[in-house]
Amino acid sequence: MKFIGKQSCVGIGCVAAGFLAGTVGKLILTSKDAKKVYTHCTAAVLRGKDTLMETTTTLRENCEDIYEDAMDMNAVRYAEEEMLMVENARAIVEAYDEDEEAAGEQVEEAKDAE
């Protein structure tokens, strides 16, 4: 008769323990109490999702408001810069007209002096 070694007994014990743990685990995971826990956890996740969606919507609305304000700010700035360029161009034209008139007067004076 052969003797079963210690290693074989340990292996068989591990298999039996694994089978027992799996069977007990299945019973625990499929019990009514476990289903209640799953339901509560799922409800908490859904509440978290709703809160996240509300926060995302608020953030998106704030970003759109900021974008619109920035666009308005830039439109005002561009309009001011354009007005300044027009004023500068008018000043240049007026200065040129004045210089042209002054130059014309100097030419007339020079002709009269001759």
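Biologist: How does Cys-63 count by relative accessible area, as buried, partly exposed or exposed?
Modeller: For Cys-63 the relative accessible area comes to 43%. Buried means under 20%, exposed means over 50%, and partly exposed covers what lies in between, with a 1.4 Å probe and protein chains only. Cys-63 therefore counts as partly exposed.

Biologist: Before we go on, what kind of model is this, and how are its residues numbered?
Modeller: This is a predicted model in which local features need pLDDT of at least 70 and side-chain atom pairs count only at pLDDT 80 or more, while totals for chains, interfaces and linings use all residues. Side-chain values use heavy atoms, with hydrogens and water left out, and residues are numbered along each chain as its sequence is written, from 1.

Biologist: What percentage of the residues in the protein is buried?
Modeller: The protein has 114 residues in total. Of these, the buried share is 1%.

Biologist: Which helix holds Glu-61?
Modeller: The protein has 2 helices and 0 strands, where helices (H or I, at least four residues) and strands (E, at least two) are DSSP runs numbered from the N terminus. Helix H1 spans residues 6–29 and includes Leu-29, which is exposed at 51% relative accessibility. Glu-61, partly exposed at 43% relative accessibility, belongs instead to the helix of residues 32–113, namely H2.

Biologist: Which residue forms a salt bridge with Arg-77?
Modeller: A salt bridge requires a side-chain nitrogen of Lys or Arg within 4 Å of a carboxyl oxygen of Asp or Glu, and the count for this structure is 1. The closest N and O atoms of the pair are 3.7 Å apart, and both residues lie in helix H2, 4 residues apart, which is about one turn of the helix.
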